[in-house]
Structure formats: structure tokens, C-alpha cells
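Here's a quick briefing to read alongside the coordinates. Have the viewer open, and we'll go topic by topic.

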Amino acid sequence: MTPSIHCGTFEPENHWRESDLAILPSLPDPRSMRVIEAMDEMLFVFCKPGDRLLSARKMNADHFSYLNNLGFCFQSSNFDIYPTDYPTGKSPANLFTSIERQTEDSDLAAFLSAGAQLEPFAVVPGITEMVSRYSLNSEFPSQQIIRHVNTKSYSLHVRDALEIENIGVVVESLSALRDCGSRMLASGPFLIKDEYGVSGKGNQIVTQASTLERIAGYLARQIDAGKRMRFVLEPYLAKQLDFSCQFHVGQDGTFTFISVQQLFNDGLAFGMSCSPGDDLVAKLEEAGYFSLMERVGKELSAAEYFGHVCVDSMLLQDDRLAPMVEINARKSMSLIKHAMDGYLGNQGQSGVLTSVTASHHGSMNFADFLSLLREKHLLYEAGENAGILPLSSGTLFSPGAISEGTDLRGRLYMEVVGAVAEQRTALLATLTAEMGQAGFRVKN
Amino acid sequence: MEAKIVELIAQVKGDQSLVTRLNSSSNLIEDVGLDSLQMINLILLVEGEFGVEVDFDTFDIKHLRSLGSFAEYIKALETA
């Protein structure tokens, strides 16, 4: 059977945004880039026996062995694609353009093997060139289509097309930003959304007129320098809970529902992904949410998109549904959670996907960390019914940080396995306490 | 100034307990847990409160290593 090669670049929105678009205020954070660049390790969850994981940096051998012992059968790439020194830009690297820039690599060519199916996290620039260069057997929508359907303004267009209440407005000039922003501010805080904003970034909450004016001033300097403006403004909604729907649109337009996952976000950023309760599912069924998602799929197909989709949705505090906050035409953390549900379901277990951000001074490596979890009876092992299942190692122990003379800061992505919420909460509390004892500084 | 900045941090994080928990040496990233969006929100609020303007393109994240160092940085902008 032809193997699938699972690979990709997280936060692909950074690679879709046009370079002439003005940006909201942002701060460079090289340490967070290292985490993003190692998140591709988690794509092992999609590997079927015989499949391959092409990660940008070679996966930690102890982690690979641990996952194998749990029954995840895949081959991992045993070479680095990204260099260990880091650029100082604001965006993490793109796997496919990095490969494109390199001379043809025999290790990579052997790993990919002609005819294999490429299964990327997202379709970002450089992927078509890689498919052609290594004779892979994959088709993707064009970058133009991918960019279009991943913009916030396209999500607004689909809301209108499906007659979903649309509270968003596209602004393309400073005067429109000031006028529309001031009107929204009269009723409460609002969000300025970058066309390609990702969770926790590219969305600016405006709570006061001085902030709106400050942002307008920041953008004005970019406009003067030749950039163009395109943002979506939306009133900041008081939400009860976040959730998302994962589905797949086939090349022939076939809609395949995959899952709904409830999200416990940290502000606007990803926090924890859990299976939804029966009450939420019943509410969604009653509101026609699932048939609406099918219609979103049809719109995407009409726009010539095919592939994975994750639609972000919200239940508002007044119990109203905001069914389509935005469309993400790519795989997602919630899809990773769904894949873990499948694995754990086969073992008669369940769990949640979450992360812990922590730093330390470099005295520990991932093998030590696994040993610590084992020693403290925290590590999920085959046959057990609870524990911490690390999904990534390079996100917590990324190369390069120590040489900077600063603390090594990273993030552990994990599945917290346990049937009941109290058990999972206790596991997380013990994990952070033990990490603290072991010299980690765990982020609040 | 530090007390006012702590109030603004509590506002950004939506956690009033920070008002009593933070001190001059608190690390705004590690201890407070500010993410990139929250950092921007804090800076925008601080700018409005103290009438200063931060240059986002050259801002060094090291200024957020402690409440005290961030306050010193804002003070320097006030007197610039």
C-alpha cells in the first residue's frame, strides 16, 4: 500500500498573508516560534501503520520509542530540515519552502518515496513544488484559492451567503476603521481581526477610543509606506463557550462530517480541547448546526476548495449560537484531538488535549522528563486507564535556546487521559507541581 | 506607577487576584502568563494611561522580565 507522508507547517496563516497587507501591532517572540516549528511532531496521530511522519526537525528518539510502545506505528524522519540557528523574523519557518531552497536531498528523497501521498497540516506555499520535485501523488487547491477561503472576509461572505446573522464589517481604509470602530465602541468593546489572524494573534481587542486612535496611527505609517489595509471589525461577543466543527470536503464536493470539539480557550488562544457534552450536541442538532456545516462545505466546494476544514463557533452568554465565527481551511488542533479520541476509544479510554507552557535552565532533556513522569506514576502507559501522554517533545525542549544564554522556554502538548474531569484536573495539578519541583518554571 | 501597571495587568488578564499577587520582581511572561495578544493589549493600555508611545518594531521583550523593569522602561519614555 502507498504510504502517506504526514507533515506540515503550523500557524500557516503567517505564510498565506500577502506581504503588502498592513499589520496590527505585534511583538517578535522567537521562543514561541520554536514551539510552533516543532508542533508538526503531533501529526503522528494521523499516521496509520506504514505511514511516515516528516517533521521539520528529527523527532526525539525516546519520545518516538514511547509512542511506538503505545501502539503508534509510523516511521519518523531521521534528519533535520530546519537549521538549528533561528531567524529573528516574526514568522516561523515553512517546511515546504525550506525544502525547496535546499539541494535535492537523498535522505529526504528515500524517505518520501515516489508515489507517496502527501498529507499536510495545511496547504502553504512550496507544497506543489515539493510534490513535483519528489514525484508525490497529491493534488491540492491553488494557493490563490487557499488564501481566499482562509481570509476573515471570506468567512463574512459565507455568513451572508448562508443568511447567518453577520455582525462583521470589512474595513479597507483608516477613515472606515475610525468611523466603524467608533460606532461599535459606542455599544462596547470590539475586535479588529487581521485577514489571516490566528488564535491569540492578529486579533486586537479595542476597549477605548484612545486605543482605536493609537492603532489607526500605527497603521497610518504603514499605509504611508505603501501597504494596503484590510481588516474585519466585529463586536466582542460575550461567550458562554467555544467549540469547533471538523469536516472534510472531497475533490468531488463530498461532505464528510468528522467531529465537534469543545474548546476551553485561554483568552483568544488555544487552551484545551474536549469532547462536547450531550447537552451541547442536542442544542446544536436542534439549531440545525450540522446541516449548516454541510452548507458551509458546499460553499467551500463552490469556491473550488477541497480538503480539511475546521469551523470555529461559539455559544453566547445569552444562549444564542454564533455558528460560524471563522473558517479554517486546514487541519486543526481539534482534529488532532479527534484522532486521539479514536486511539483512546480503542483502548476504552478518553481524555482531553491541552498544553503547559514552562521554562527551565537546560539541565533536563526529554528522556529525563519521561523518566520523571514514569517515576511519579504520571506517564500514560499501555494498558493503564489514566495518565499524561506527551504528544510532542521538541515543543518543550527546542534546540537553540540554551546557546542564547536564556532559560529554555517551551510548551508540552499532551493528552490528559482519564475518564472523569476531576481525575484529569488532579493529574494536571500533580504534573505542574512535579515540574516545578524538577526546576521548571511553569507559566501561570 | 507599578501599582497602576498591576491594575492594568489584572484588567488584561481578567484576574483581580493579580493585584495582590504581583510585585516588582514578577516576570510578566512567566509569572503572569501574558500571551502575545495580552502583551499588546497591556502596552496599549499603558500607553493610554501614561501618555507614552512604545515602538512595537523595536520593543525588546526583555523589558517584560519584571514589573520593575517594565515600569522603568515606561518611565524612561515619559521623560524622553
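**Where the two chains meet**

Chain A and chain B bury about 2300 Å² between them, and carbon and sulfur atoms give 49% of that area. Keep in mind that this is a predicted model.

**The interface**

- On the residue level, the contact takes 28 residues from chain A and 26 residues from chain B.
- The rule finds four salt bridges across the interface of chain A and chain B.
- Arg441(A) makes a salt bridge with Asp31(B), and the closest N and O atoms there are 2.9 Å apart.
- Polar contacts turn up too: five residue pairs across the interface of chain A and chain B, both residues at pLDDT 80 or more.
- On the side of chain A that touches chain B, at least two residues each come from strand S7 (201–206), helix H10 (209–224) and strand S17 (441–442) of chain A.
- H10(A) gives the most to that side of chain A, with five residues.

**Nonpolar cores**

- The largest nonpolar core has 109 residues, and the members touching the most other members are Leu54(A), Phe247(A), Val296(A), Phe369(A), Leu389(A) and Leu431(A).
- Helix H13 (residues 333–346) of chain A supplies the largest share of this core, seven residues.
- Apart from that core lies another one, of 51 residues, which includes Met184(A), Ile192(A), Tyr218(A) and Ile43(B).
- What does Phe247(A) contact, leaving aside its neighbours within four places in sequence? The list includes Phe255(A), Phe257(A), Ile258(A), Met293(A), Val296(A), Leu300(A), Val309(A) and Val311(A), along with Gly297(A), Gly307(A) and His308(A).

**Strand S9 of chain A**

- Eight of the eleven residues of strand S9 (residues 239–249) of chain A are buried, so the strand is largely enclosed by the rest of the structure.
- S9(A) runs antiparallel to strand S12 (residues 307–316) of chain A, and ten bridges join the two.
- Within that pairing, Ser244(A) sits opposite Asp312(A) in S12(A).

**Strand S14 of chain A**

- Why is strand S14 (residues 351–360) of chain A largely enclosed by the rest of the structure? Ten of its ten residues are buried, so that is how S14(A) comes out.
- Gly351(A), Leu353(A), Ser355(A), Thr357(A) and Ser359(A) point one way from S14(A), while Val352(A), Thr354(A), Val356(A), Ala358(A) and His360(A) point the other way, and all are buried.
- S14(A) is joined antiparallel to strand S16 (residues 408–417) of chain A by ten bridges, and to S17(A), also antiparallel, by two bridges.
- Ser359(A) stands opposite Arg409(A) in S16(A) and opposite Arg441(A) in S17(A).
- Arg441(A) has come up already, as the salt-bridge partner of Asp31(B).

**A parallel open sheet**

- Four strands of chain A make an open sheet with parallel pairing, in the order S3-S2-S1-S4.
- At the edges are strand S3 (75–76) and strand S4 (117–120) of chain A, each pairing on one side only.
- Strand S2 (residues 52–53) of chain A pairs with S3(A) over two bridges, in the parallel sense, and Leu53(A) stands opposite Ser76(A) in S3(A).

**Helix H8 of chain A**

- Helix H8 (residues 152–161) of chain A is mostly covered, with seven of its ten residues buried.
- Those buried residues are Lys152(A), Ser153(A), Tyr154(A), Ser155(A), Leu156(A), Val158(A) and Arg159(A).
- They pack against H7, strand S5 (169–171), strand S6 (190–198), strand S8 (231–235), helix H12 (289–302) and strand S13 (321–328) of chain A.
- Following H8(A) is Glu163(A), with a positive phi near 55°.

**Two loop residues**

- Ser138(A) is in the loop between helix H6 (127–133) and helix H7 (143–149) of chain A, and is buried with a relative accessible area of 13%.
- A polar atom of the Ser138(A) side chain lies 2.7 Å from the backbone nitrogen of Leu118(A).
- Ala382(A) is in the loop between helix H14 (366–375) and strand S15 (387–390) of chain A.
- Not counting residues up to four places away in sequence, Ala382(A) touches Asn69(A) and Leu70(A).

Technical notes
Residues numbered from 1 in each chain as written. Chains lettered and ligands numbered in written order. Predicted model: local features only at pLDDT ≥ 70, side-chain atom pairs only at ≥ 80, totals over all residues. Heavy atoms only, no water. Core = buried A, V, L, I, M, F, W, Y, C linked by side-chain atoms within 4.5 Å. Buried < 20%, exposed > 50% of the residue type's maximum accessible area, 1.4 Å probe, protein only. Contact = heavy atoms within 4.5 Å. Pairing = 2+ DSSP bridges. Buried area = accessible area lost by both parts, 1.4 Å probe. Salt bridge = Lys/Arg side-chain N within 4 Å of Asp/Glu carboxyl O. Polar contact = N/O pair within 3.5 Å; in protein donor to acceptor, adjacent residues only side chain to side chain.
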